[in-house]
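Please keep the sequence and the 3D view at hand.

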Amino acid sequence: MEVLAKTLINPLVIAVLYIAWRFVRGGLGRRHIVILFIYLYLVSIPFTSKVMHMLWSVDDTIVVGHQYDAVVVLSGIVPSKCYLENDQVYVDNMFICSGDFKRAYAGLGFVKSGQANRFIIGDDKSGGFHESKAVEEFLLNNHVKPDQIMIVGEVKNTQDEAIKIEQLSENGEINDFILITTAKHMRRAADIFASRGLTPALYSTDRPISSRITVVDFKPRGTTGVHKMLYEFAGYIKFILKK
């Protein structure tokens with residue numbers, strides 16, 4: 001069911017379904033063709049995903065000068081294809097494979113600056129390897145002490161990660177911490193953590209570089225941006241329905 005939902009939120013699949021629906025209803029008239037072209041234009045320009053991204057993002061809540069027990073970096077940041085192609089060894093610059101690794105760099109920054117005492121991450125094995133091992137190697141290569149790194153066990157999604165951190169909180173191992181994920185995922189992640197009684201300080205990566213709208217934002221590039229935002233919307237709705 002989840003796979004079907006992911007397929008149906010693809011903007012191009014939506015367009016195909018619209019065309020099929022119109023043919024069942026008697027064909028594509030001029031008005032429907034115009035609607036289809038307008039829709040395809042809107043979902044393919046950066047402007048649309050940029051606006052969706054800005055409206056969906058939440059503010060960072062880091063308190064400057066406050067020292068936190070830990071920084072919790074949500075998993076799913078190591079690109080498995082690139083990692084496996086490099087014979088499962090540490091890849092010095094994960095940016096060559098995935099921008100999501102910015103989360104690890106952000107977490108590293110908080111630990112190195114002393115604002116967070118530890119770096120915490122779950123072990124996502126969905127890519128066919130222990131992601132946490134790659135992150136641990138990255139941290140050690142950047143002179144983070146072994147006792148500053150905590151791997152909380154296997155996780156498959158943000159809900160699992162929230163449960164792991166809730167257990168650490170109940171055991172008194174951490175009281176306040178920074179939560180790091182991408183800006184488009186932060187709203188859902190923060191609410192998932194809140195549902196477990198956790199109120200971390202928030203820090204988002206991958207915010208739009210600029211909120212300024214230019215001519216370039218209206219040139220069609222592809223539907224990936226809108227697709228990713230629709231995926232987050234769908235994930236948030238699923239979370240709300242399961243509460």
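At roughly what angle do the axes of helix H4 and helix H9 cross? The axes of H4 (residues 46-56) and H9 (residues 183-194) cross at roughly 35° and come within 8 Å. This is a predicted model, in which local features need pLDDT of at least 70 and side-chain atom pairs count only at pLDDT 80 or more, while totals for chains, interfaces and linings use all residues. Residues are numbered from 1 along each chain as its sequence is written, and side-chain values use heavy atoms, leaving out hydrogens and water.

**The helix pair**
- Axes are lines fitted to C-alpha atoms, for helices over the stretch in contact, with angles from 0 to 180 degrees between N-to-C directions.
- Helices are DSSP runs (H or I, at least four residues), numbered from the N terminus.
- His 53, Leu 55 and Trp 56 of H4 meet Ala 183, Lys 184 and Arg 187 of H9, where contact means heavy atoms within 4.5 Å.

**Around Ile 14**
- Ile 14 sits in helix H2 (residues 11-24).
- Because its relative accessible area is 33%, Ile 14 is partly exposed (between buried, under 20%, and exposed, over 50%; 1.4 Å probe, protein chains only).
- Beyond its neighbours within four places in sequence, Ile 14 is in contact with Leu 8, Ile 9 and Tyr 39.
- Ile 14 and Pro 146 lie 132 residues apart in sequence, and their C-alpha atoms are 48 Å apart in space.

**Val 34**
- Val 34 is found in helix H3.
- Val 34 counts as partly exposed because its relative accessibility is 44%.

Notes. Helix = DSSP H or I, 4+ residues; strand = E, 2+ residues; numbered from the N terminus.
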